[in-house]
Amino acid sequence: MTRTYSSAEPGSPGEKFRDSQFLVFMNRILALVVAGIYCALTKQPRHGAPMYKYSFASLSNILSSWCQYEALKFISFPTQVLAKASKVIPVMLMGKLVSHKSYEYWEYFTAVLISLGVSMFLLSNGEGHRAPSVTTFSGVVILAGYIVFDSFTSNWQDSLFKYKMSSVQMMFGVNLFSCLFTIFSLLEQGALQDAIRFMSRHPDFAFHAALLSVCSGFGQLFIFYTINKFGAAVFTIIMTLRQALAILLSCLLYGHPVTAVGGVGVAVVFLALFLRVYARGRMKKKGRKAAEAPVVQKV
């Protein structure tokens with residue numbers, strides 16, 4: 001999106017690709033093909049999930065992406081960071097609404113600590129990278145839409161796994177509807193033909209878009225596998241920590257200083273993870289003891 005692709009004709013100015021929707025379509029179509037080939041070769045067992053139920057996760061994913069990018073026009077950088085780092089709690093609340101899940105008090109407590117620690121680290125090490133802007137009411141509403149749709153997507157996918165499907169089958173169903181939604185929008189706007197013509201003029205762009213799609217496809221394999229095995233809340237925690245780890249790795253590789261507040265934020269995150277692992281271990285130990293305890297029958 002930021003690269004200038006030079007024209008084959010000498011003296012002609014370069015041009016940039018502007019349609020992010022086409023890149024989303026390429027990502028989805030490649031993931032659909034990969035998932036379809038895998039399901040066909042491995043002969044995945046049939047499951048009872050109605051096909052239309054995949055459309056809800058697909059549509060909410062598209063809407064959350066739109067809200068995320070649109071909100072950037074109306075909100076400040078710190079507001080965006082806080083919203084992204086605090087998604088764990090909305091995801092857990094949406095899990096109670098969609099899947100009727102119950103969480104222990106320590107899960108809520110550690111989720112708050114993780115959100116607090118990541119927010120401290122990101123804000124202290126990211127404020128200088130982007131010019132601040134004014135946060136408006138419209139931006140807050142759109143940002144709330146992003147959080148709601150994003151929380152619904154992973155929880156709805158989590159609930160679909162009750163049909164005993166594989167993560168690749170989930171990937172196929174969701175991407176099928178994503179392709180239908182995006183190609184309809186591209187055709188309606190006439191953007192598909194423009195993107196194909198741009199690709200034919202710039203073979204470098206075609207290679208870069210294909211490489212981006214391959215990375216996105218492999219990423220989806222891990223995303224759906226994680227949701228299937230560990231649930232939506234753990235997946236969101238992983239994605240939240242990814243933001244902090246990416247900046248921390250950048251600081252280590254390029255020598256950017258980590259502020260004192262950022263260091264405290266990292267310590268809070270590690271404390272929360274330790275408490276989460278410790279509490280989960282205690283719960284499993286209690287469960288095993290309860291299972292092994294002898295049953296006393298009353299006479």
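**Exercise 1. The chain as a whole**

What share of the 299 residues in the protein chain do buried residues make up? Then work out the order of the elements and the make-up of the surface.

*Solution.* A word on the model to begin: it is predicted, so local features need pLDDT of at least 70 and side-chain atom pairs count only at pLDDT 80 or more, while totals for chains, interfaces and linings use all residues. Residues are numbered from 1 along each chain as its sequence is written, and side-chain values use heavy atoms, with hydrogens and water left out.

Step 1. Buried residues make up 39% of the 299 residues. Buried means under 20% relative accessible area, exposed over 50%, and partly exposed in between, with a 1.4 Å probe and protein chains only.

Step 2. The protein chain holds 11 helices and 0 strands, and from the N terminus on its elements run α-α-α-α-α-α-α-α-α-α-α. Helices (H or I, at least four residues) and strands (E, at least two) are DSSP runs, numbered from the N terminus.

Step 3. The accessible surface of the protein chain comes to about 17500 Å², and carbon and sulfur atoms own 68% of that. Such areas come from the Shrake-Rupley method with a 1.4 Å probe; for residues, only the protein chains shown count as cover.

Step 4. Among contacts in the protein chain with a separation of 6 or more, 84% are between residues 24 or more positions apart. Contact means heavy atoms within 4.5 Å.

**Exercise 2. An asparagine in α6**

Find which backbone oxygens the side chain of N155 reaches, and describe the setting of N155.

*Solution.* Step 1. Locate N155: helix α6, residues 137–160, contains it.

Step 1. The side chain of N155 comes to 2.9 Å from the backbone oxygen of V91, and to 2.9 Å from the backbone oxygen of S151. A polar contact is a pair of N or O atoms within 3.5 Å; within protein, one must be able to donate a hydrogen and the other to accept it, and residues adjacent in sequence count only if both atoms are side-chain atoms.

Step 2. List the other neighbours. Setting aside residues within four places in sequence, N155 is in contact with V91, M94, G95, V98, S99 and A232.

**Exercise 3. Aromatic rings**

Classify the pair F56 and W156, then the pair F274 and Y278.

*Solution.* Step 1. A pair of aromatic rings is described by the distance of the centres and the angle of the planes. Rings of Phe, Tyr and Trp (its six-membered ring) pair if their centres lie within 6.5 Å; planes under 30 degrees apart count as stacked, over 60 as edge-to-face and the rest as tilted.

Step 1. F56 is partly exposed at 36% relative accessibility, whereas W156 is buried at 18%.

Step 2. For F274 and Y278, the ring centres are 6.3 Å apart and the planes are at 15°, so the pair is stacked. Both residues lie in helix α11 (residues 260–292), 4 residues apart, about one turn of the helix. F274 is exposed at 57%, and Y278 is partly exposed at 47%.

Step 3. Look for clusters too: Y5, F17, F22, F25, F198 and F205 form one.

**Exercise 4. A lysine in a loop**

Describe the backbone and exposure of K164.

*Solution.* Step 1. K164 is in the loop between α6 and α7 (167–189).

Step 1. K164 is not a glycine, yet its phi is positive, about 60°.

Step 2. Its relative accessibility is 73%, so K164 counts as exposed.
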